[in-house]
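Hello,

Here is the structure I promised to pass on to you. My notes on what turned up follow below it.

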Amino acid sequence: MANKYHQAVAKNLTRSTIRWRVAGVAILLVASLTVVLPNYANSGINWINSKTNIGLPQLPAGGFNLGLDLQGGAHLIYEAKTDNIAAADRADSVEGVRDVIERRVRGGLGVAEPLVQTTRVGETYRVIVELPGVKDVNQAIQMIGGTPVLEFKEENNEPPRPLTATEQKELKDFNTAAKKKANEALVAAKTDFAGAVTKYTEDDRSKNNGGDIGFIDSRTFPEIFAWAKTVKDGEIGKNLVESAEGYSVVKRVAEKDGERYVSASHILICFLGAERCDNPQYTRDQATAKIAELKTKATPQNFAQLARENSTEPGAADREGDLGKFKKGEMVPAFEAVAFDLPVGTISEPVETQFGFHLIYKTNDETEKQYQVSRILARTKTEIDIVPPVSQWKPTGLSGKQLARAEVTEDYQTGQVQVSLNFDDEGVKLFSEITTRNVGKPVAILLDGEEISVPTVNEPILSGSAVISGGFTLMEAKLLAQRLNSGALPVPVELVSQQSVGATLGFDSLNKSFKAGLIGLAVVILFMILYYRLSGILAALSLAVYAALSLAIFKLVGVTLTLSGIAGFVLSIGMAVDANVLVFERLKEELRLGKSLKSAMEEAFVRAWTSIRDSNITGLISCVFMVWMGVGFVQGFAVTLAIGILVSMFSAVIITRTLARWIFSWFKEDGNWLFLGHLKKDASAKSVTNIPFIKYSWIWVGFSGLVALVCLAITVMWGLKPGIDFAGGSLLELNFTKNRPTLEQMRGAFDELELKNTIVQNAGESGLIARFNFLTEEQHQFILKNLREKFSADGNEIREERFETVGASVSSQLRKRALGAIILVSLGIIFYIAYAFRKVSRPVASWKYGALAIVALIHDLLLVIAVFAVLGKYFGTEVDVGFVVALLTVLGYSVNDTIVVFDRVRENLLRRGSDDFGAVVNFGLNQTLMRSINTTLTTLLPLFALYFAGGDTIHNFSLALLIGIASGAYSSIFIASPLLALVEKWQRRG
């Protein structure tokens, strides 16, 4: 019925209709190429505009979205700690994490198109962050994972409890013993100071260098400094020096001049437009006149009074312009140059800085000596060592929760970079209360529990603004402000997987993949033309439209092309040809039956459709479960493969058919030698090959079963060697621009870093790959630093190409998901084939077709796994997530040949019945033999291109596909079909 309908439709198609459809195909090709190559289209538009002045708009010239493995960047996976959050609120909380992280990476890292998404694996919530183009992965990790806790605290004056009698005795006994030990050291030091250091000192920092604590000043070691001022170089103290640390035996080694310090006061007159002049009282001209007036009045005696009454500096009324003691580099250059050159006790001429006009009164100028000292320390205890003091600071209730905005500013006195804080209404009130009750006292500002600034409150601050001056660099201040503005993460997160790829490696991978794709496409087209003649040329035209349309869809939909995605596209090229092969092989059969060219063509498309549909749907089933696995490499491959499958069905059924109807109408009714299967009028029809496959079913099945058992035994004995995706751990790939160290040198370097179990191997001509147990980012950076120090001599640059790390939880869940995906794909194939074959449930039940297809696939999977077990045993080849993708692809694609055979068996059963089921199966197998061989060949050709030209990253992935798909062709002929005949035979016997 369907056949008659399609034939009727074909007859009703006029030449005009066919030409319009061909024109539509041409328009589709041009439109697709315009999307893929907009620059060429824009050149044409510019030419038209220059000739006609009609002002056609330019097309968007953006390129494809490239993944991290092609353009370089970082891929980070964070696990959200949701144990303390109600189950109903976890999803929303993790979405909150996603929002915060996205704000951080967009603002703090400047990544225009970051990908931040959440996923759930069982009961575990994860956040996946992809940062294309990011070079400093360590900065990205700090920016994303940090949870800045900003706190304001005031002094805690609650005294500790007094010591008990027992505790007092313990303290006294300890200190008495310490003094005795120090006196013994003092005696020993007079004859052998270095030996006494080794025997007695409790200062671990100086124990191994003869007790040397370097050059000291009055602020670092005040008691020892006071002693050193009174003795000469080489002299050992006659008495012990007591300090807060304990008793010291000291020896002066050397003397040198220290830092130069200046003490000064100033009067500042700021003006409109000057930095940090928040409430300007003067214009620039008025400020110039005011500072000149103050210069005429100022004397050393009244300078403090003038500063208190006139200086526009905040807090001048309390500090009277006193800047304290400062050294070079602590003031802005213009101010510092005058202050250091000014004689002590004099007042400068007006000095202009970015903050306004200054008068400077210099009160002191001194260069303090520094002394190099060695010591032997016997530590003592104090009461606080026995009874820890109550915390120095207590909470005030003011924290980062009340922060409205943080920004980077500059101290107008010193020019130091600082972070300015502005609070919301609640924060303004709290800050006002805190500063009011703490006038003259310090208030600590803590970030993540560490003191970063402890300013003294000079007067109540009612404006709700504060500054953090922690000696930051500009970059550090910007990073802090960005972190504070982004807010704290609503849920703690832990970095469980990390991957970074250098831009150089990505560029190389892109070039190799592009080359492999072109080679694969060219070889497949050449084969189709040589074998199928004119029909092959039609397939080549259809394939060109397929490639252009697929790439256009990738671009329009916004598919992110990864290395695996390109591999999926290259593989889909072979799969796109499969449908054409099915049609052209059927055309050959119909022509050999004596049908006319047009009739045979229409019949070929109708008869081939079910095989095309069923084989491609099984491929789509695999793609669905690859996406379900939730791994970037897998998803990139699955998405491009799925789009390729769908477009290939369209190109074969619509585009190739349209072109065939157009071109075939040019030829005579019976065609000619340009069409494979054409027979001259005086020649008899060639019969279909009749190889007795089913006659020897037991031999094929027995041999294949033996191969499967051997493969299973190899797998059980040796097993697969898991890569870091499944075993967890870290991988580091380096490239050396000049001299690559030997493997022995690298192992020695890692041994020195106490990385004993590191596996090292060469990669290419100048690369090296090292595998470790799980590394933190700090360990990663430490290793890089040490390797560069050790091997960077003579301009030998060490470039990090790739760093990956996978935590145990990720690898464990990935193993479970991989196994689950394989099982689900197998069940999906069984259910679909059972549904598709429901009309031929006799003499063999339809679900058994699916089950037998899976039995054949188990043979294919075991063969692939066994080969990699051997490679792992003898060559150290590891399996990673790409290997699982290959297995899933084999499941979805290798069943195609089996479906083609089963589909012909289904057709023959509906036509001829099942009196001799074995004969029906054998006949169908012979009918589809060349079809199976050619579909397999057209898929293997681009895979060979991937294997040899696609780069090392997908080398093993391509090998697994080659083995699996080649085995799939074998199993469809020698396992699935013979088993189908044997099952029917067993059923009849009973």
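**What I found**

The protein chain has 32 helices and 23 strands (DSSP runs, H or I with at least four residues for helices and E with at least two for strands, numbered from the N terminus). Please keep in mind that this is a predicted model, in which local features need pLDDT of at least 70 and side-chain atom pairs count only at pLDDT 80 or more, while totals for chains, interfaces and linings use all residues. Residues are numbered from 1 along each chain as its sequence is written, and side-chain values use heavy atoms, with hydrogens and water left out.

**Overall picture**

Of the 990 residues in the protein chain, 52% count as buried (buried is under 20% relative accessible area, exposed over 50%, partly exposed in between, with a 1.4 Å probe and protein chains only). The accessible surface of the chain comes to about 46400 Å², and carbon and sulfur atoms hold 56% of that (Shrake-Rupley method, 1.4 Å probe; for residues, only the protein chains shown count as cover). Among contacts with a separation of 6 or more, 76% are between residues 24 or more positions apart (contact means heavy atoms within 4.5 Å).

**Salt bridges**

There are 34 salt bridges in the structure (a side-chain nitrogen of Lys or Arg within 4 Å of a carboxyl oxygen of Asp or Glu). One of them joins arginine 375 to aspartate 203, with the closest N and O atoms 3.1 Å apart. Arginine 375 sits in strand β11 (residues 356-379) and aspartate 203 in the loop between α8 (193-200) and β6 (212-216), so this pair ties together parts that are 172 residues apart in sequence. Both arginine 375 and aspartate 203 are buried.

Because aspartate 365 belongs to β11 and arginine 260 to strand β8 (residues 246-269), the pair ties together parts 105 residues apart in sequence. Aspartate 365 is partly exposed, at 26% relative accessible area, and arginine 260 is partly exposed at 30%.

Arginine 904 and glutamate 589 also form a salt bridge (2.9 Å, N to O). Arginine 904 and glutamate 589 are both buried. They belong to a network of salt bridges made up of Arg586, Glu589, Glu590, Lys595, Arg904, Glu907 and Arg931.

**Nonpolar cores**

The largest nonpolar core has 126 residues, and Met528, Tyr849 and Leu980 have the most contacts inside it (a core is a set of buried Ala, Val, Leu, Ile, Met, Phe, Trp, Tyr and Cys residues joined through side-chain atoms within 4.5 Å). Helix α19 gives this core its largest share, 17 residues. Beyond its neighbours within four places in sequence, leucine 980 is in contact with Val844, Tyr849, Leu852, Phe902, Val905, Phe917 and Val921. A second, separate core of 21 residues includes Leu76, Tyr78, Val105 and Leu131.

**Strand β14**

Six of the seven residues of strand β14 (residues 417-423) are buried, so the strand is largely enclosed by the rest of the structure. β14 pairs with strand β13 (residues 403-410) in the antiparallel sense over seven bridges (strands pair if DSSP finds at least two bridges between them), and valine 417 in β14 stands opposite glutamate 410. β14 also pairs with strand β17 (residues 465-468), antiparallel over four bridges, where serine 420 has valine 467 of β17 as its bridge partner.

Best wishes
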